[in-house]
Every structure is written in structure tokens, then in C-alpha cells.
Amino acid sequence: MVPLSWYLIFAAALFSIGLFGVLSRRNAVAILLGIELMLNSVNINLAAFWRYGDDVSVMAGQVFAIIVFAVAAAEVAVGLALVISVYRRRNTVIADNIDMMKW
Amino acid sequence: MTGEQITFLAVALFTLGSGFMVVTSGNLVHAALWLVSTLFGVAVTYAVLDASFLAVVQVVVYIGAIAILFIFAVMLTRKDMRDQGPQMNKNWWFGAALAVLTFVGLFFLLQGWSGMSTTATALPSGFDAVAGLGDALTSPAGYVLPFEVASVLLVAALVGAVYVAFNRK
């Protein structure tokens, strides 16, 4: 049987990879890709805690993962709409160049 | 090493390798396709965890909708896709250091936790995870309110995305 620690360390590694993508990429679409990786690693943790909990008939972990799916879909739809809108007006998707609200 | 452990390790290595390619690949279409393979790895992880409904939803929603949405967005912003400059910003080493620090910090934090080596108990006979999840999502004693709030959030996001991306001539 796989111990719980393997899942948690796997999710931590995936989260760190996503964090690196969010902090380092210049393209706004690539930053959103990194956010997706981070959300997925959180979902692995939720499913693992549901399976390894004392009582599998308590569904809180899976329900929380479903809510995260919905929030991720909403986030990516609005985020990509913003990127496309900015691209139409400013002709760029480089996050450093989108600085009109920067003081 | 049991077969289950070997399966888990293979899937985890595949997923982490694909995830690394997502954040380092220069061509964004390739990055989006690597995201698809990462999401498949995560779906297999759900299947290994006996969360069959999550595995199916992962394939349908994430790969079928979100990854395709990413590919569309990359194509609609095509001019910058073959951006001549570097794909990383000039502080990428700071991001890499922070990511490594996060992983090492989480690793040592988890080492000190007593529940780390827990192994899963066998599922009770006759237990149906999908039926249990359906009951939990629709019964007033369960999570029907967060479920409805999620649907309202999706409608709001749909309307908002159409409004923001609408091309006013």
C-alpha cells in the first residue's frame, strides 16, 4: 500500500513547479498554466486525505475537490478573457508590459 | 515494492516531468499540450485513490474544456507566441529559489507530522463512492448549498468572460 506521505510529497513538488511557473514566466497565458498546476496539486491532497481519512463515507474531501474544479473553470475563463481583451487593446500578452495600473 | 507503489511512482514521475515541461517549454502550444499530459497523470492518481468520479471529471472538465480553452487563447494571441525574447523574466532565479524553498519547507514540515506513514484502510464492502458523493452534493444535510453557490459562480464567470472578451466595433 502507498503511504500518505508519497501523495503529499508528490503534491508539494507539483505545487512548487506551478509556483515557479507563476513567478518566472513572462507570458500571461503561461502564468495561468502555472496556476492550473497549483490547483491540481491541491486537489490531489484533498482526494488523498479523503481516502486516507478515518471514515471514507465522509465525502468532504471529494466535495471540496469538485468545488475547486468549478472555481478553476471560472478562474481560467475570466483570466483568458482578460488576456484576450488586453491583447486586443495593447497588442501584448507579456505580463511586464501590462503596467497601465502600475504607479 | 508492490505493484501499486510502482504504478504510483511511474505516474508521479510522468506527471512531474510533464509539469516541468509546462513551465519551461518555450513554445506555448507545446506547454499547453504538456499540460494535457500532466492533467492525465493527475487523473490516473485520482483513479489510484479510488476517486473514480474525480478521475472522470478531471478528464472531461480539465482536459476537455480548460486545456482546449488554453490552446484557443494561445492561438488568439499568436503574435507573442513566438516571442523572440526569453520566455522567463529577469527574476526567474528568484522564482526558482522560492519554489525550491517552498518544496523543502513543505517536505520538512511533513516529516515532522505523525500521520505521514498512514496507510489507507480497505474500502468497506459494498461501498459506492460515486453514490456517496451524489448524496453528499444534493442532500440538505450535506453540501447542497456550496454546490448551488458553485453553479452561480460558474454563471457569473460565463457572463463576465463574454462581457470582457466581447469585441465592440
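1. Fold of chain B. Read along the sequence, chain B runs α-α-α-α-α-α. The count is six helices and zero strands. Keep in mind that this is a predicted model.

2. Overall dimensions. The C-alpha trace of chain B spans about 60 × 40 × 25 Å along its principal axes. Its radius of gyration is 20 Å, whereas a compact globule of 169 residues would have one near 15 Å. Buried residues make up 26% of the 169 residues in chain B. Among contacts in chain B with a separation of 6 or more, 48% join residues 24 or more positions apart.

3. The interface as a whole. On the chain B side, 73 residues are in contact with 63 residues of chain A. Which elements of chain B give two or more residues to this side? They are α1 (3-24), α2, α3 (52-76), α4 (92-111), α5 (129-138) and α6 (144-165). The most comes from α4(B), with eleven residues. By class, the side of chain B that touches chain A divides into 52 nonpolar, 17 polar and four charged residues.

4. Helix α1 of chain A. This helix covers residues 4-24, which is 21 residues. From first C-alpha to last it reaches 31 Å, close to the 30 Å expected at 1.5 Å a residue. α1(A) is mostly covered, with 17 of its 21 residues buried.

5. The α1 pair. How do the axes of α1(A) and α1(B) cross? They come within 9 Å and cross at roughly 10°. An angle under 35 degrees counts as roughly parallel, so α1(A) is roughly parallel to α1(B). On the α1(A) side the contact is made by A:W6, A:F10, A:A13, A:L14, A:I17, A:F20 and A:G21. On the α1(B) side the residues are B:F8, B:A12, B:T15, B:L16, B:G19, B:F20, B:V22 and B:V23. The contact of α1(A) with α1(B) has twelve nonpolar, three polar and no charged residues. On spacing, an α-helix has 3.6 residues a turn, so residues three or four places apart point the same way.

6. The α2 pair. From α2(A), the contact uses A:V29, A:A30, A:L33, A:E36, A:L37, A:N40, A:I44 and A:A47. From α2(B), it uses B:L28, B:A31, B:A32, B:L35, B:T38, B:L39, B:V42, B:T45 and B:Y46. These residues divide into 13 nonpolar, three polar and one charged.

7. B:A31 lies in helix α2 of chain B. Is B:A31 buried or exposed? B:A31 has 25 other C-beta atoms within 10 Å. The cut-off for buried is 20 or more, so B:A31 is buried. Leaving out residues up to four places away in sequence, B:A31 touches A:A30, A:L33, B:V22 and B:S25. Both A:A30 and A:L33 belong to the α2(A) side of the helix contact described above. B:V22 is among the residues of α1(B) in contact with α1(A). By contrast, the C-alpha atoms of B:A31 and B:V130, 99 residues apart along the chain, are separated by 33 Å.

Terms used:
Residues numbered from 1 in each chain as written. Chains lettered and ligands numbered in written order. Predicted model: local features only at pLDDT ≥ 70, side-chain atom pairs only at ≥ 80, totals over all residues. Contact = placed C-beta atoms within 7 Å. Helix = DSSP H or I, 4+ residues; strand = E, 2+ residues; numbered from the N terminus. Nonpolar A, V, L, I, M, F, W, Y, C, P; charged D, E, K, R; others polar. Expected span 1.5 Å × (residues − 1). Buried ≥ 20, exposed ≤ 12 C-beta atoms within 10 Å, placed from the backbone. Rg over C-alpha atoms; globule rule 2.2 N^0.38 Å. Axes fitted to C-alpha atoms, helices over the stretch in contact; angles between N-to-C directions. Parallel < 35°, antiparallel > 145°, perpendicular 65-115°, else oblique.
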